[in-house]
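Visitor: I would like a close look at one part of this protein. Please take me through its charged pairs.

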Amino acid sequence: MHAQQFSGSKKTWNSFAQLHGGGILQSYEWGEFRNEHEWTAHRVVVVEENAILLQAQLLEKRLPLGKSFFYCPEGPVLSEEWGTSEACDALEAFTSFLRSFARERKAIFAKIDPHIQREAIPDGWLESQGYVDSPEDLQ
């Protein structure tokens, strides 16, 4: 299982999002729209044996002094329920990728905003991965 930049089609991206409960803000078209409005969309997938287990559209906003931040609206989107071990493994692979990518892009923070109820996430899991709960919305 590993995370990588998505190189597939718009149809593949949108089909996965739709099939697995992703919201409009994880659609390929939303990323293209944001590309035209001072953001850069980066699409990331976690794959195992050529099957997508997770996808996340990361929106990057450039800041002064060469810095940036990332926002993943209504994502990441998982193929499994959040509480399963496979989902946790996919989220760990995504988080590892995100940390490395954010460091490379000089991001000062990254925010995820899954399109699910908070109760669906196993207690303590986000915190164990270094995430901090935030009441603020970015969009």
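Visitor: With which residue does E60 form a salt bridge, and how far apart are the closest N and O atoms?

Guide: Keep in mind that this is a predicted model. E60 pairs with R62, and their closest N and O atoms are 2.8 Å apart. Why can such a pair form? Side chains of opposite charge can pair when their charged atoms come close.

E60 has 0% relative accessibility, so E60 counts as buried. The cut-off for buried is under 20%. R62 has 40% relative accessibility, so R62 counts as partly exposed.

E60 has another partner. Its side chain also meets that of R105 in a salt bridge, at 2.7 Å from N to O. Look at where these two sit. E60 is in strand β3, residues 51-62, while R105 is in the loop between α3 (85-104) and β6 (107-114). The pair therefore ties together parts that are 45 residues apart in sequence. R105 is partly exposed, because its relative accessible area is 29%.

Next, move to another bridge. The count of salt bridges in the model comes to 4. One of them links E32 and R43, with 3.1 Å between the closest N and O atoms. E32 lies in helix α2 (residues 28-35) and R43 lies in strand β2, so this bridge ties together parts that are 11 residues apart in sequence. E32 is partly exposed, with a relative accessible area of 33%. R43 counts as buried, at 10% relative accessibility.

Stay with strand β2 for a moment. It covers residues 40-48, and E48 is placed in it. E48 counts as partly exposed because its relative accessibility is 30%. E48 also belongs to a negative surface patch, along with E49, D89 and E92.

Finish at helix α1, residues 10-19. Its buried residues are W13, F16 and A17. Seen down the helix axis, these buried residues fall within an arc of 95°, so they line one face of α1.

Note on methods:
Residues numbered from 1 in each chain as written. Predicted model: local features only at pLDDT ≥ 70, side-chain atom pairs only at ≥ 80, totals over all residues. Heavy atoms only, no water. Patch = residues over 30% accessible without salt bridge, like charges linked within 9 Å, V, L, I, M, F, W, Y side chains within 5 Å. Areas by Shrake-Rupley, 256 points an atom, 1.4 Å probe, with all protein chains shown as cover. Lys, Arg positive; Asp, Glu negative; His and termini not counted. Charge placed at Lys NZ, Arg CZ, Asp CG, Glu CD. Helix = DSSP H or I, 4+ residues; strand = E, 2+ residues; numbered from the N terminus. Buried < 20%, exposed > 50% of the residue type's maximum accessible area, 1.4 Å probe, protein only. Arc of directions from axis to C-beta.
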